[in-house]
Amino acid sequence: MSDPQSPLIEPKEPSRFLSRLRNYFLTGLVVAAPVTITVVLVMWFVDFVDAWFTPMIPDQYRPERYLDFTVPGLGVIIAVVLLTLLGALTANLFGRTLVNYGERLVGRMPLVRNIYGALKQIFETVLSQSQQSFREVALIEYPRRGVYSIAFVTTAAKGEVQARADEEMVSVFLPTTPNPTSGFLLFVPRRDVITLEMSVEDAAKMVISAGLVAPEFDADGTTLSGYHVRTQAEEDELHK
């Protein structure tokens, strides 16, 4: 007589054929999704810029007047030319004087000055070419001892933060998954930061993929080019 507490029918393990089909589907998704999303975003950006700058072209000079189709990207070209000319004009003394006068005028507007100041600081930080935003990739123990997270070391702590600490501190940016542009600013003792060999780009891809995409790492401690996506067999081995 069978045990009444035991199940009457044992669940069947998925066949190798279905498992292989699932792996093929996921591999195709990994290949197709980034390409598709990138193409859609690029097309949206080009159409958005064209809608703004194409009307600046006189009607008699527009390509669609002489062709049977619309030429995409003309607005992007016009935007690049105009921004380049604007940068060249503001690089001289006269241009800088006009910019400074305009900023002083904006600074007298209570709400506008806050918006303009924040946007200017963001763009200067993102587009700055004088120094890299992130110097190196590191591991830190977060959110508790024994649990490690990937973080980007930005710079050595300065000012009051460093003055009130008893040891050397560094500021690190702890990104979130799957959106690495959001995260937390942490001040960590330098001795608690484990520097990694991987590049900032490799670490960002690892964060976005939730650890599924990781740079190859040789036994001698060097990061290799290319990426390794775990197979189903490796995932099963990992969870044993």
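Predicted model: local features only at pLDDT ≥ 70, side-chain atom pairs only at ≥ 80, totals over all residues.
**The surface patch**

- Helix H4 contributes the largest share of the nonpolar patch, with seven residues.
- How accessible is Ile-115, and what does it count as? Its relative accessibility is 48%, and because the exposed class begins only over 50%, Ile-115 counts as partly exposed.

- Searching the whole structure turns up two aromatic pairs.
- One of them joins Trp-44 and Phe-48 in a stacked arrangement, with 5.5 Å from centre to centre and 15 degrees between the planes.
- Both Trp-44 and Phe-48 belong to helix H1 (residues 16-53), where four residues, about one turn of the helix, lie between their positions.
- Phe-48 also pairs with Trp-52: the ring centres are 6.4 Å apart and the planes stand at 55 degrees, so this pair is tilted. For the reasoning, planes under 30 degrees apart would be stacked and those over 60 edge-to-face.
- Phe-48 and Trp-52 are four residues apart in helix H1, which means a separation of about one helical turn.
- Through these ring pairs, Trp-44, Phe-48 and Trp-52 are linked into a cluster.

**Overall make-up**

- The protein contains seven helices and seven strands.
- Read from the N terminus, its elements follow the order α-α-α-α-β-β-α-β-β-β-α-β-β-α.
- The protein has 240 residues, and 18% of them count as buried.
- Its accessible surface amounts to about 18,900 Å², and carbon and sulfur atoms account for 64% of that.
- Among contacts with a separation of 6 or more, 34% are between residues 24 or more positions apart.

**The nonpolar cores**

- The largest nonpolar core consists of ten residues: Ala-138, Ile-140, Ala-151, Val-153, Val-170, Val-172, Leu-174, Leu-186, Val-188 and Val-193.
- At least two residues of this core come from each of strand S1 (136-141), strand S2 (148-156), strand S3 (169-175) and strand S4 (183-189).
- Which strand gives the largest share of this core? That is S3, with three residues.
- A further core, apart from the largest one, has seven residues, including Val-137, Ile-150, Phe-152 and Phe-173.
- Val-170 is a member of the ten-residue core. Setting aside neighbours within four places in sequence, Val-170 is in contact with Thr-155, Ala-156, Ala-157, Leu-186, Phe-187, Val-188, Arg-190 and Val-193.
- Among these contact partners of Val-170, Leu-186, Val-188 and Val-193 also belong to the largest nonpolar core.

How values were computed
Residues numbered from 1 in each chain as written. Heavy atoms only, no water. Buried < 20%, exposed > 50% of the residue type's maximum accessible area, 1.4 Å probe, protein only. Phe/Tyr/Trp six-rings, centres within 6.5 Å; stacked < 30°, edge-to-face > 60°. Contact = heavy atoms within 4.5 Å. Areas by Shrake-Rupley, 256 points an atom, 1.4 Å probe, with all protein chains shown as cover. Core = buried A, V, L, I, M, F, W, Y, C linked by side-chain atoms within 4.5 Å.
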